[in-house]
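Here is a quick tour of a model you can follow along with on screen.

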Amino acid sequence: MEEKPRFTGNGVLRLPPGFRFHPTDEELVLQYLKRKVYSSPLPSSIIPEVDLSKYNPWDLPACGGCGCEEVKYFFGLREARNPNRSRRNQAAGSGFWKATGKEKPVTASRCHQVVGMKKVSVFHRGKPPTKTEWIMHEYRLAGPHATTTSDATHGTMAARWDWVVCRVFKKKRTKIEIGEDHMQESSCVTELSDGSGDGEEASSGSMSSTP
């Protein structure tokens, strides 16, 4: 007897154990985002719709139990952009997403045409704001209608082209970065030990220096 597909509480498909969701940039744009924009049936209802402004990256819902808890995928809506204003940060949860560099094209492997654009952002939080290890890849369709504006005359077409698909993940630290942090901590402990005659004070100082 064929097993029926299972869904989560919000209607997102839950994959069977052992399956993983690891789409390429091209697949995200052509198979998911393009279909979403044109209201066509999706290959799978595995990517939820999320209001990014309400979540910190670590609180984003997993995409339907797809085995990708370390990487989050979701559909979102871009805010209308005023062409007279410069690029601004995107508020989210207790911080904001800040774009890094320029958008990069996503090219179809068969026809070698640009089908989408990819923007990379880093999550910042705190006062003063400091960047975290959380990264977001935001994809939009490429084309004459792909840029959203505040002009209400675009009507339904503008609303459909506001959709983006995002991939959020926490950057893995390299062995070099971990080694540098360890060297800095060791140096701090040495300096405190050399300048203090009390072992307890040195130990306390080394603990407070650890982030």
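Two strands count as paired here if DSSP finds at least two bridges between them. Keep in mind that this is a predicted model. With that in hand, take Thr 107: its bridge partner in β7 is Val 114.

**Strands around β7**

Strand β6 covers residues 104-107, and four bridges tie it to β7 in an antiparallel arrangement. The two make a hairpin, with six residues between them. On to β5, residues 95-99: five bridges join it to β7 (residues 114-125), again antiparallel. In that pairing, Trp 97 sits opposite Phe 123 of β7.

How many bridges link β7 and β8? There are nine, and the sense is antiparallel. Gly 116 faces Leu 141 of β8. β7 and β8 also form a hairpin, this one with four residues between the strands. In its turn, Gly 126 has a positive phi of about 90°. Pro 128 is in the loop between β7 and β8 too, and the peptide bond joining Lys 127 to Pro 128 is cis, with omega at about -5°.

**Packing**

Now for the inside. The largest nonpolar core has 19 residues, and Leu 33, Ile 47, Tyr 139 and Val 165 have the most contacts within it. Which elements give two or more residues to this core? They are α1 (25-37), β3 (71-77), β8 (130-141) and β9 (163-170). The largest share, five residues, is from α1. There is another core apart from this one, made of twelve residues, with Phe 74, Trp 97, Val 164 and Cys 166 among them.

Leaving out residues up to four places away in sequence, Leu 33 touches Leu 28, Phe 75, Tyr 139, Arg 140, Leu 141, Trp 163, Val 164 and Val 165.

Staying with α1, its buried residues are Leu 28, Val 29, Tyr 32, Leu 33, Lys 36 and Val 37. They are on the same side of α1, because they span an arc of only 135° around the axis.

What about the cysteines? The disulfide count comes to zero. Cys 166 is buried because its relative accessible area is 2%, and the cut-off is under 20%. Cys 111, by contrast, is partly exposed, because its 44% falls between 20% and 50%.

Ser 39 follows α1 and lies in the loop between α1 and β3. His 112 is in the loop between β6 and β7, in the turn of that hairpin. Are they buried or exposed? Ser 39 is exposed because its 61% is over the 50% mark, and His 112 is exposed because its 62% is over that mark too.

| Residue | Relative accessibility | Class |
|---|---|---|
| Ser 39 | 61% | exposed |
| Cys 111 | 44% | partly exposed |
| His 112 | 62% | exposed |
| Cys 166 | 2% | buried |

Terms used. Residues numbered from 1 in each chain as written. Predicted model: local features only at pLDDT ≥ 70, side-chain atom pairs only at ≥ 80, totals over all residues. Heavy atoms only, no water. Disulfide = S-S within 2.5 Å. Buried < 20%, exposed > 50% of the residue type's maximum accessible area, 1.4 Å probe, protein only. Core = buried A, V, L, I, M, F, W, Y, C linked by side-chain atoms within 4.5 Å. Contact = heavy atoms within 4.5 Å. Arc of directions from axis to C-beta.
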